[in-house]
Amino acid sequence: GHLWRLAEKVSDRAKAKDLAGRTVTLKLKRANFTLVTRRHSLGEPTQSADRLYHEARALFDAAREPGPFRLIGIGLSDLCPADEADRMTDLLDPGAARRRKAEAATDAIRARFGRDAIIKGRALR
């Protein structure tokens with residue numbers, strides 16, 4: 001749930017500034033203040049919350065760091081204009097295009113009726 005909410009925030013900020021990014025960063029800070037950072041560069045830029053979430057989740061699972069964590073963060077870097085984002089379809093993930101369209105519809109509804117008009121169940125955890 002935390003990773004999804006963070007991915008949505010990063011995505012919303014990128015969309016608001018009409019930017020996309022090629023590198024997803026996951027930052028984990030333990031209770032003893034040690035910091036673990038993992039990055040993954042994407043083949044194409046993105047501003048999609050769904051793609052950010054899946055990349056951050058993969059980084060989190062690969063980190064295999066013991067918790068608890070006092071801070072979890074997701075970042076997007078290597079920025080570029082938004083018109084370069086999410087152009088290609090993913091042959092290994094046939095549902096990606098459908099989720100991208102659903103996210104665009106969600107963004108339109110939130111722009112019209114407010115941020116809390118639609119909330120994914122995954123964000124409630």
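In which helix is the place of Tyr53?

Author: The place of Tyr53 is in helix H2. Please keep in mind that this is a predicted model.

Some context comes before the detail. The protein chain has 3 helices and 3 strands, and from the N terminus on they run α-β-β-α-β-α. The C-alpha trace spans about 45 × 30 × 30 Å along its principal axes. A compact globule of 125 residues would have a radius of gyration near 14 Å, and the 15 Å of the protein chain agrees with that. Of the 125 residues, 34% count as buried. Among contacts between residues at least 6 apart in sequence, 73% join residues at least 24 apart.

Now to the part you asked about. Helix H2 covers residues 49-63 and packs with helix H1, residues 2-16. Two packed helices are described by the angle between their axes and the distance between the axes. For H1 and H2 the angle is about 135° and the axes are 8 Å apart. Angles over 145 degrees would count as roughly antiparallel, and those of 65 to 115 as roughly perpendicular; H1 and H2 are therefore oblique to each other. H1 passes H2 in a right-handed crossing.

On the H1 side, the residues in contact are Leu3, Trp4, Ala7, Glu8, Val10 and Ser11. On the H2 side they are Ala49, Asp50, Leu52, Tyr53, Ala56, Arg57 and Phe60. The residues of this contact divide into 9 nonpolar, 1 polar and 3 charged.

Tyr53 itself has a relative accessibility of 11%, and so counts as buried, the limit being under 20%. Leaving out residues up to four places away in sequence, Tyr53 touches Leu3, Trp4, Ala7 and Arg122. Of these, Leu3, Trp4 and Ala7 belong to the H1 side of the helix contact.

Ser11 is found in helix H1 and counts as buried because its relative accessibility is 0%. Apart from neighbours within four places in sequence, Ser11 is in contact with Gln47, Ser48, Ala49, Leu52 and Glu103. Ala49 and Leu52 are among the H2 residues that meet H1.

Lys9, also found in helix H1, is partly exposed, with a relative accessible area of 48%. The C-alpha atoms of Lys9 and Gly75 are separated by 9.8 Å, although these residues are 66 apart along the chain.

Most residues other than glycine have a negative phi. Phe33 has a positive value, near 70°. Phe33 is found in the loop between strand E1 (19-30) and strand E2 (35-46), and counts as exposed at 52% relative accessibility. Asp78 also has a positive phi, near 55°. Asp78 lies in strand E3, residues 69-81, and counts as partly exposed at 43% relative accessibility.

How values were computed
Residues numbered from 1 in each chain as written. Predicted model: local features only at pLDDT ≥ 70, side-chain atom pairs only at ≥ 80, totals over all residues. Heavy atoms only, no water. Axes fitted to C-alpha atoms, helices over the stretch in contact; angles between N-to-C directions. Helix = DSSP H or I, 4+ residues; strand = E, 2+ residues; numbered from the N terminus. Parallel < 35°, antiparallel > 145°, perpendicular 65-115°, else oblique. Left-handed = near helix turned anticlockwise from the far one by under 90°. Contact = heavy atoms within 4.5 Å. Nonpolar A, V, L, I, M, F, W, Y, C, P; charged D, E, K, R; others polar. Rg over C-alpha atoms; globule rule 2.2 N^0.38 Å. Buried < 20%, exposed > 50% of the residue type's maximum accessible area, 1.4 Å probe, protein only.
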